[in-house]
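Subject: Structure for you to look over

Hello,

I am passing on a structure that you have not worked with before. Please open it first; my notes on what was found follow below.

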Amino acid sequence: MARTPSNMLPLGTKSPDFKLLNVVTNKFMTSHEVYGKHGLVVMFICNHCPFVKHVIDEIIRVANDYRVQGFGFVAISSNDAVNYPQDSPEEMAQLAEKDHYPFPYLYDETQEVAKAYDAACTPDFYVFDDEQKLVYRGQLDNSRPGNSIQVTGRDLREALDNLLSNSPQRKDQKPSVGCNIKWK
């Protein structure tokens, strides 16, 4: 299992716009449609990555906990579905429905959105405030497959709580670690 870290897009970066296929509804969605009152969490995930599988239940819990507080959530898969058919839009839709994803699951077929976000791995997390400025990027928490650390979502939850309370974000944001995005 390859361990690829986040590229850590510079804080303050404006959220890149996108228009991608929602694999569940089979309709295109824009970044503006998924934004919440307080901001947006963009997550690069995929179906087959063991790092994503390790944390997906907590990702769902975090989304359920913070959507009601005014945050938008969106998951994007940018993997090459030709060479990784388990990450095809059809398989993505099946998984999203089976696991009751409380957020849109979008397919980045051209991989241009992943490049715009400088995404490198799955999972990779980005938090944008209500002014569309990047305030957090990096890991969900310190848990990884096999390291015996409980999955809590601590780092992402703290970033969202800081936005809600107008508190400063941590300076020492840690990169996520996961499987590399499967580039074409």
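Q169 counts as buried because its relative accessibility is 18%; buried means under 20% relative accessible area, exposed over 50%, and partly exposed in between (1.4 Å probe, protein chains only). This is a predicted model, in which local features need pLDDT of at least 70 and side-chain atom pairs count only at pLDDT 80 or more, while totals for chains, interfaces and linings use all residues. Residues are numbered from 1 along each chain as its sequence is written, and side-chain values use heavy atoms, with hydrogens and water left out.

Q169 sits in the loop between α5 and β10. Helices (H or I, at least four residues) and strands (E, at least two) are DSSP runs, numbered from the N terminus. The Q169 side chain reaches the backbone oxygen of A159 at 2.9 Å. Apart from neighbours within four places in sequence, Q169 is in contact (heavy atoms within 4.5 Å) with V135, A159, N162 and L163.

Next, the helices. Helix α2 (residues 50-67) packs with helix α5 (residues 154-164) at an angle of about 10 degrees, and their axes are 11 Å apart. That makes α2 roughly parallel to α5; angles under 35 degrees count as roughly parallel, over 145 as roughly antiparallel, 65 to 115 as roughly perpendicular and the rest as oblique. Axes are lines fitted to C-alpha atoms, for helices over the stretch in contact, and angles run from 0 to 180 degrees between N-to-C directions. From α2, the residues E58, R61, V62, D65 and Y66 meet L156, R157, L160, D161 and L164 of α5. This contact of α2 with α5 has 5 nonpolar residues, no polar ones and 5 charged. Here Ala, Val, Leu, Ile, Met, Phe, Trp, Tyr, Cys and Pro count as nonpolar, Asp, Glu, Lys and Arg as charged, and the others, Gly among them, as polar.

Helix α2 also lies across β7 and β10, at about 135 degrees to β10. Those two strands belong to an open sheet of 3 strands in the order β1-β10-β7, with antiparallel pairing; two strands pair if DSSP finds at least two bridges between them. The edge strands β1 (4-5) and β7 (121-122) each pair on one side only. Between β7 and β10 (residues 177-180) there are 2 bridges, and C121 has N180 as its bridge partner in β10.

Elsewhere, β2 (residues 19-22) and β3 (residues 27-30) run antiparallel and are joined by 4 bridges. N22 stands opposite K27. The two strands form a hairpin with 4 residues between them, and N26 in the turn has a positive phi of about 65 degrees. N26 is exposed, with a relative accessible area of 58%. Q132, in the loop between β8 and β9 (134-138), also has phi near 65 degrees, but Q132 is buried at 17%.

Last, which residues does Y105 touch? Leaving out residues up to four places away in sequence, they are L21, N22, V23, I45, C46, N47, A75, I76, S77, M92 and A96. Y105 is in strand β6 (residues 105-107) and is buried, with a relative accessible area of 0%. Its side chain makes a polar contact with the side chain of N47 (2.9 Å). A polar contact is a pair of N or O atoms within 3.5 Å; within protein, one must be able to donate a hydrogen and the other to accept it, and residues adjacent in sequence count only if both atoms are side-chain atoms. Y105 and N47 are 58 residues apart in sequence and 11 Å apart in space, C-alpha to C-alpha.

Regards
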